Every structure is written in structure tokens, then in C-alpha cells.
Amino acid sequence: MRNPLSEKIVTIKPSGIRKFFDIVSEMDDAISLGVGEPDFDTPWHIRDEGIYSLEKGRTFYTSNAGLKELKVEICNYLKRRFELEYDPAHEVLVTVGGSEAIDIALRAMIDPGDEVLIPQPSYVSYEPCAILTDAVPVIINLKAENQFRLTAQELRDAITDKTKVLVLPFPNNPTGAIMERKDLEEIAEVILEKDLFVISDEIYSELTYGRDHVSIAQIPGMKERTILINGFSKSYAMTGWRLGYACGPRLILDQMLKIHQFAIMCAPTTSQYAAVEALKNGDRDVQEMREAYNQRRRYLMYAFQQMGLPCFEPYGAFYVFPCIKEFGLTSDEFALRFLREEKVAVVPGTAFGECGEGYIRISYAYSLENLKLAIGRLADFVKRLKAERT
């Protein structure tokens with residue numbers, strides 16, 4: 001029998017996040033701090049709008065690019081929050097989560113052999129999606145001493161004559177790092193000089209603490225070179241609704257739309273009606289969730305300080321990325337021992353790239369009660385490991 005499988009897909013590793021999620025699902029009394037999913041329910045007024053759309057029989061396909069009302073509200077939101085202006089008719093595409101938007105943006109822009117720059121540690125999908133387009137992923141290793149931000153020099157050093165696209169993953173999963181305006185201005189100079197394009201994943205744009213999110217599309221000369229990707233999963237606790245969007249130049253969006261038409265048809269209709277309500281009336285919900293996350297973030301930073309576990313202070317998303325190098329264990333070994341001995345699941349830093357070795361990712365998209373219980377177990381585990389080293 002012929003091998004039915006593509007060699008390319010076989011070589012792609014499965015998600016390192018799900019590995020630990022699957023283990024903990026089989027373990028009694030275990031606590032998972034591994035999955036980046038808000039513990040909040042979707043706010044009731046958003047759910048009500050979804051329910052109402054079903055009661056009204058709004059169960060048909062929308063246009064391929066999405067409901068007109070939703071695209072208009074996306075543009076209103078981006079104008080209100082970030083002073084970005086897009087044409088809802090031609091520069092907005094509603095997708096099945098931000099993940100689809102990442103995939104089809106790369107597929108619309110890449111020819112075989114083009115190089116895609118991917119700063120790591122970062123979200124697990126960028127590199128596989130680049131490989132599936134026959135691109136050459138070029139990894140830029142972000143450094144703790146730079147607060148895991150991308151520097152202009154790091155960008156410049158990675159560029160060759162085959163480089164076409166930079167993935168910009170900020171606020172960052174797994175580190176919680178952000179890019180401030182001055183950081184973006186410096187890398188924008190390099191992007192313009194080298195004639196590159198940007199896929200800017202801004203799914204955590206509403207979850208920043210003490211810092212305002214800045215999109216690279218706000219930097220002069222960058223809007224026409226940037227595909228801005230965002231969605232509803234993180235900000236509005238709508239993970240299961242599977243809804244995201246991409247905004248960018250019509251030249252690129254038209255080609256992304258073709259792929260979306262053939263592969264998806266349109267995003268879920270019920271989710272789109274609910275998202276209109278989220279954008280119109282959800283600002284207060286976002287603020288309340290952000291305040292709760294910030295409380296958890298501050299608790300974790302204090303707890304790490306108390307147990308002597310090094311961790312730079314993150315200002316975005318809902319993750320912390322403490323360093324565990326002192327224990328002489330790999331990230332995978334640390335996470336497995338912690339799970340088996342203390343029944344708490346965290347994610348090895350290497351799930352987000354090899355430069356994540358020596359770190360673990362802890363999500364604080366969990367209740368403060370669960371965090372306190374899990375971090376108490378972590379403190380015991382760290383104390384035991386330190387005793388083993390002496």
C-alpha cells in the first residue's frame with residue numbers, strides 16, 4: 001500500500017501545549033495552568049445576542065468576508081481604540097478565529113522558498129503554518145535581558161535577500177512581553193528599508209497592564225505593509241465561538257478572501273451576530289476581566305519573588321514565563337516532575353521554540369483561588385529542588 005501521508009505534514013510536531021493538557025485530563029485532582037483560555041464565561045449580553053440570532057432564524061451563510069454590520073463595528077473599534085482606519089468593504093475579513101487569519105495571510109503572501117521571520121518564544125502555530133506554505137521559517141531568538149522584545153538589530157541580523165514577511169507576535173504568548181511605540185518605530189525603519197511585510201498578531205491587544213497597546217500599523221508607512229490580526233477569544237472570553245478577523249491592504253485581503261472562500265465559506269453566523277454586540281457594548285466587560293487578570297499577575301510576581309524564582313515582569317496577555325535554569329532540569333523534565341509530584345500542569349518553554357529552554361509558561365487565565373493552590377504546590381516543589389541541589 002502506498003504511503004497516504006504527506007512527508008511535510010508528518011515532519012511537523014504536534015502542539016507541546018496539548019501534550020500536557022491531555023496528561024492532566026486523565027489525572028484526578030490535578031490543576032492545570034497550561035491552557036490559554038479565559039476562565040470567565042462569555043458576558044451574558046453577548047450570549048443573549050447569539051441566542052436571539054438563533055431564535056430569529058439567522059442561521060444562513062453570511063457573505064464570505066463576514067457580516068457587513070460586523071465589519072463596520074470592527075472598523076469603528078479600531079478607530080476608537082487605536083486611531084486606525086480601514087474600509088469595511090475591502091480591508092476587513094472575518095475568519096474562524098485568529099488562527100485561520102494567520103494561516104491564510106501566509107498562504108496569500110508566500111511563494112516557495114520565501115523566508116518568514118518568526119521571533120520566538122511565540123505561539124505554536126506560526127512556524128508550522130509557514131512550513132505548510134513551503135516557506136523557510138527563520139527563527140529570531142528573543143532574549144530575557146531585552147524583556148523578550150524584538151530589537152531592530154536582531155531583525156536586521158536575520159534578514160536575507162529571500163526574506164519577505166515578519167511575524168510580529170505582541171503582546172506575546174508565552175512571555176507576556178509587549179512592544180512599545182519606540183520599539184516599533186525602530187523595527188519599522190528596518191522593515192521599510194528592506195521592503196518587508198508584517199503579519200501582526202494582536203489577539204491580546206486589550207490585555208495590557210500599565211501600558212497602552214500600540215499596533216505597528218499605527219507607525220507611519222506601516223499600515224500598507226501590515227496584516228493586522230485580532231479576534232474575540234481572549235478579550236471577550238469567546239474562545240469556543242471561533243471568531244477572528246484580519247485587516248490590511250485590499251491587494252492582500254482579496255487573495256486571503258479567495259482562500260477563505262474555498263476552505264471555509266464564512267465564519268459562524270451566530271458568532272458574528274454575538275461579536276457585533278461585543279464590539280458595541282463590551283468595553284466594560286473587557287475592563288473588568290483585565291483588572292482581574294492584573295490582580296492575578298501581581299500575585300504571581302510577588303509569589304515568585306518570595307520563593308526566589310526569577311521572572312521578568314510581563315505587561316501583556318495572561319502568561320508569566322519564569323526561569324527554571326538553576327535546577328539543572330530541562331523545561332520538559334521540570335514540567336513532567338511538577339505534574340507527577342504535585343499534580344499541577346504547566347507548559348515547558350520549549351513548546352514555544354527551542355530558545356524557551358530553561359523556562360516554563362504559567363497561564364493566569366484561572367481563578368485566584370486555583371492559582372494560590374497551584375503556586376503553593378510550586379513553592380513546595382521549588383524548595384525541594386533547591387534542597388536536592390545542595
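Let's start with glutamine 272. Glutamine 272 is buried, at 0% relative accessible area. Buried here means under 20% relative accessible area, with exposed over 50% and partly exposed in between, using a 1.4 Å probe and protein chains only. This is a predicted model, so local features need pLDDT of at least 70, side-chain atom pairs count only at pLDDT 80 or more, and totals for chains, interfaces and linings use all residues. Residues are numbered from 1 along each chain as its sequence is written, and side-chain values use heavy atoms, with hydrogens and water left out.

Where does glutamine 272 sit? In helix H10, residues 269-281. Helices (H or I, at least four residues) and strands (E, at least two) are DSSP runs, numbered from the N terminus. What surrounds glutamine 272, leaving aside neighbours within four places in sequence? Its contacts are Thr62, Gly66, Leu67, Leu70, Val94, Leu243 and Ala267. Contact means heavy atoms within 4.5 Å. Look at leucine 67 in particular. Its backbone nitrogen is 2.7 Å from a polar atom of the glutamine 272 side chain.

Now the rings. Phe, Tyr and Trp rings (six-membered ring for Trp) pair if their centres lie within 6.5 Å; planes under 30 degrees apart are stacked, over 60 edge-to-face, the rest tilted. That rule gives 17 aromatic pairs. One of them joins tyrosine 204 and tyrosine 319, edge-to-face, 5.7 Å between centres and 80 degrees between planes. This pair links distant parts of the chain, 115 residues apart. Tyrosine 204 is in the loop between strand S6 (197-201) and strand S7 (226-231), and tyrosine 319 is in strand S9 (residues 319-320). Tyrosine 204 is buried at 3% relative accessibility. Tyrosine 319 is buried too, at 1%.

Next pair: tyrosine 293 and phenylalanine 318. Their ring centres are 5.1 Å apart and their planes at 50 degrees, so this pair is tilted. Tyrosine 293 lies in helix H11 (residues 283-307) and phenylalanine 318 in the loop between H11 and S9, so the pair ties together parts 25 residues apart in sequence. Tyrosine 293 is buried at 0%. Phenylalanine 318 is also buried, at 0%.

Phe40, Tyr204, Tyr293, Phe318 and Tyr319 form one aromatic cluster.

Last, charges over rings. The rule is NZ of Lys or CZ of Arg within 6 Å of the ring centre and within 35 degrees of the ring normal. Arginine 211 lies over the face of tyrosine 315, 4.0 Å from the ring centre. Arginine 225 has its charged end over the ring of phenylalanine 197, at 5.6 Å from the centre.

Conventions. Polar contact = N/O pair within 3.5 Å; in protein donor to acceptor, adjacent residues only side chain to side chain.
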